[in-house]
Amino acid sequence: MSDEHAPVDPALVPRRELRGGATVPAIGIGTFGSDRYSPAEVAAAVAGAVAAGYRLVDCAAVYGNEAQVGEALAGAVAGGVDRDELFVVSKVWNDAHAPADAVASVHRSLRDLRLDHLDAVFVHWPFPNHHPPMADTDARDPRARPYDHDAYLALWGALEGLVDSGLVRHLGTSNTTVAKLDLLLRDARIPPALNEMELHPCFQQPELFAHCVRHGIQPVGYSPLGSPSRPERDRTPGDVVDTEDPVVVRIAREHGVHPALVCLKWAVARGQVPIPFSVKPAQYTANLRAVVEDPLTAQEVADLAAADRGERLIKGQVFLWPGAESWRDLWDEDGTIVGWTER
Ligand SMILES: NC(=O)c1ccc[n+]([C@@H]2O[C@H](COP(=O)([O-])OP(=O)(O)OC[C@H]3O[C@@H](n4cnc5c(N)ncnc54)[C@H](OP(=O)(O)O)[C@@H]3O)[C@@H](O)[C@H]2O)c1
């Protein structure tokens, strides 16, 4: 019987190969404090998570804690962790889509995270629509607008320049759709290597997931446990609760583990890279351990397909533009990009 609190040897954690041949650990630690955990608490979790064996850290400028997380990463490297073993992601927030702003944002993230390169940079959302930190559900940006492919390409081109200069190793999309991804794949000089998307048993996004895989884009799954501590602005009556889903609960009982760990075992079996968040050592260690021992059976993975409800938790309503009908307009559900036409 293994000691469930003992660190996990990072060499035991499966890895996924990215476009270009680099590899990324099959699980990482998230760093969004959900407006409830302070930068110091998140940084302490990152330090603890790296000591526990995590090597992938999902950061973002908007999380407001990159300076503290950077201190934790520098401490880990000073303590003997090889920088080249770490895979550190950051994201360009919606208020920095102008090319010069995006470049400045990545430079700021590099300085705050105390790194000479980022392993990946994602465009956090495909719109420049901004909300202030700690915004509530009704907050709206009066200058918000729908997707504009030319503007997105200009932003992407600026990030491609950072790849050329060696400051960034891979580019990624986040909160995108099949329709938007197709345009980017058509027009980008450097295609995305990763796509960060909401993925948990009750929201599996099979079409976008398969599209990414088909195009050599590694899916990264955010809110992999169904984000039980997400901010109020991201809660809607009737939202799915993964850890209460009957199939998840049944399989958790069979394995003698918390339902959260079934979500992670499923994620890794399916091939996405989950990035669960926790500041609690027992939780983040158990989350990592879940992906190196006692895997689900093929039957259990197949059974979990039935948990998909097709309803997202992170709807993005605060990013809507004047005149938009509902948050569904953000997600191109009929395959066309709402509010945008090719010129
Ligand atoms: N690209 C994007 O737009 C985007 C959007 C959302 C998230 N993300 C990224 O994805 C990461 C994870 O998403 P998330 O934080 O929304 O949700 P999540 O990882 O699904 O849920 C995190 C919460 O689950 C609970 N938890 C963690 N491990 C557990 C365990 N073993 N047993 C029971 N409960 C457990 C904790 O709740 P308590 O703290 O209450 O114990 C924790 O705060 C974020 O930190 C961020 O890096 C990206």
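Analyst: The UniProt record, an unreviewed entry, lists residues 27–308 as "domain: NADP-dependent oxidoreductase". UniProt positions follow the numbering used here, feature names are shortened, and annotations may be inferred rather than shown by experiment. This is a predicted model: local features need pLDDT of at least 70, side-chain atom pairs count only at pLDDT 80 or more, and totals for chains, interfaces and linings use all residues. Residues are numbered from 1 along each chain as its sequence is written.

User: What makes up residues 27–308 in helix and strand terms?

Analyst: That stretch is 41% helix and 13% strand, and its end C-alpha atoms sit 21 Å apart. Helices (H or I, at least four residues) and strands (E, at least two) are DSSP runs, numbered from the N terminus. By that count the protein chain has 10 helices and 10 strands.

User: Why is strand S7 called largely enclosed?

Analyst: A residue is buried if 20 or more other C-beta atoms lie within 10 Å of its own, exposed if 12 or fewer, and partly exposed in between, with C-beta atoms placed from the backbone. Six of the seven residues of S7 (residues 168–174) are buried, so the rest of the structure largely encloses this strand.

User: How do you know that S7 pairs with S6 and with S8?

Analyst: Two strands pair if DSSP finds at least two bridges between them. S6 (residues 118–123) and S7 have five, in the parallel sense; Leu 118 is bridged to Val 168 of S7. S7 and S8 (residues 194–198) have three, also parallel, and Gly 172 has Leu 194 of S8 as its bridge partner.

User: What makes the crossover from S7 to S8 right-handed?

Analyst: The test is this: with the strands pointing away from the viewer, the path from the first strand over the helix to the second runs clockwise. The chain goes from S7 through helix H5 (residues 178–187) to S8, and this β-α-β crossover is right-handed. S6, helix H4 (residues 149–164) and S7 also form a right-handed β-α-β unit.
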